[in-house]
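Here is a short report on one protein model. Look at the sequence and the structure first, then read on.

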Amino acid sequence: MAMEAEATTAPALALADTDINWDRLDKTKFHIIGAILFTAQSALLHPTAVVKTRMQVAGSGLSRMRGISVFKHILKTDGIPGLYRGFGTSAVGSLPGRVLALTSLEISKDMMLKYTEGLDMAESSRVGIANGVAGMMSSLVSCAYYVPLDVICQRLMVQGLPGTTVCNGPYDVVCKVIKAEGFRGMYRGFGLTALTQSPASALWWGAYGAAQHIIWRSLGYRDDMDKKPSHIEMVTVQATAGMVAGACSSVITTPIDTVKTRLQVMDNFGAGRPSVLKTMRTLLKEDGWQGFYRGFGPRFLNMSLYGTTMIVTYELIKRLSVRQ
């Protein structure tokens with residue numbers, strides 16, 4: 001009874017709901033709500049991924065068109081279904097990957113926050129480092145799962161474009177890739193993804209954690225205050241921090257993403273197995289250095305919107321999953 005009374009009367013800290021750690025979560029509820037809300041979020045943003053992918057690999061003039069023109073072209077030729085090519089495979093296939101990614105993200109962040117608790121450093125730096133390490137670990141853990149799924153989804157997105165193999169659904173993609181290259185064909189771009197996505201994920205989560213901490217402090221909030229921010233304030237601050245992190249990440253990672261996408265979906269590279277070097281030479285020959293920023297507009301929009309909606313969704317999931 002004494003413990004219950006103490007828990008009831010203890011004041012809730014101001015920022016307690018803005019940074020909910022792993023030990024406060026109901027894990028089952030966290031993963032179920034996460035699966036539902038993240039699938040809905042993916043459905044909203046999938047068309048921008050299709051536009052970006054087609055701009056990066058097309059040899060039929062789409063690569064030199066503006067993102068909105070490519071969007072209209074897909075609508076005209078394929079209708080709404082064309083904007084959602086590969087979505088079913090991505091949505092269903094991502095569910096186990098999300099469990100891996102979210103679990104490793106939260107556990108890694110919790111461990112780093114405890115490990116750095118006694119160190120002499122600014123709180124924003126400590127939060128940024130913990131989030132950055134967590135983002136990198138999450139990316140490394142889920143990379144082995146997501147690369148084959150990415151290969152399948154990317155190939156479904158670019159059906160009918162020159163240099164790509166026509167496939168009838170995800171199973172046909174797997175069969176044709178394995179028949180042509182063996183099982184390693186499902187891991188095209190794995191090394192590039194592992195070496196680049198992990199630092200990119202670390203950059204994103206680190207920037208988000210530090211940005212959110214700095215914004216809260218600039219608004220006058222501290223952990224030891226009794227007054228809590230409103231839900232509107234929480235959503236606004238988290239969305240702003242997510243947008244900043246997504247925009248920064250897109251500028252840095254677009255050239256790598258262009259090479260990776262072409263490496264995963266193009267088949268007419270001539271003799272020999274496609275390689276990173278061969279893909280880069282082809283891009284340089286076609287468009288010079290600006291070729292590495294094909295699809296930058298849709299990718300910038302996608303990552304900025306993704307950063308905003310993902311983190312608002314993610315933080316909402318955590319608030320809904322707090323253990324009572």
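Alanine 35 is partly exposed, with a relative accessible area of 25%. Partly exposed lies between buried, under 20% relative accessible area, and exposed, over 50% (1.4 Å probe, protein chains only). The residue sits in helix 2. Helices here are DSSP runs (H or I, at least four residues), numbered from the N terminus.

This is a predicted model: local features need pLDDT of at least 70, side-chain atom pairs count only at pLDDT 80 or more, and totals for chains, interfaces and linings use all residues. Residues are numbered from 1 along each chain as its sequence is written, and side-chain values use heavy atoms, with hydrogens and water left out.

Cysteine 248 is also partly exposed, at 38% relative accessibility. Its place is in helix 8.

| C-alpha pair | Apart along the chain | Apart in space |
|---|---|---|
| Cysteine 248 and alanine 207 | 41 residues | 8.6 Å |

A search of the whole structure finds 1 cavity of 30 Å³ or more. A cavity is a set of points on a 1 Å grid, over the protein atoms alone, where a 1.4 Å probe fits but cannot get out; lining residues have an atom within 4 Å of a point. Grid points are joined across faces, edges and corners, and the volume is the space filled by probe spheres set on them. The largest cavity holds about 1600 Å³.

Its lining has 45 residues, and Tyr146, Asp150, Gln197, Asn302 and Tyr306 lie nearest the centre. Helix 5 gives the largest share, 12 residues. Several helices supply at least two lining residues each, among them helix 2 (27-57) and helix 8 (231-265). By type, the lining has 21 nonpolar, 18 polar and 6 charged residues. Ala, Val, Leu, Ile, Met, Phe, Trp, Tyr, Cys and Pro count as nonpolar, Asp, Glu, Lys and Arg as charged, and the others, Gly among them, as polar.

Which residues of helix 9 are buried? They are Thr279, Leu283 and Asp287. They cover an arc of only 35 degrees around the axis, so they lie on the same side of helix 9. The arc is that of the directions from the helix axis to the C-beta atoms. Arg281 and Lys285 are exposed on the other side. Just after helix 9, glycine 288 takes a positive phi of about 75 degrees.

How values were computed:
On a 1 Å grid over the protein atoms alone, a cavity is a set of points where a 1.4 Å probe fits but cannot get out, and a pocket is an open set with protein on both sides within 12 Å along at least five of seven lines; lining residues have an atom within 4 Å of a point.
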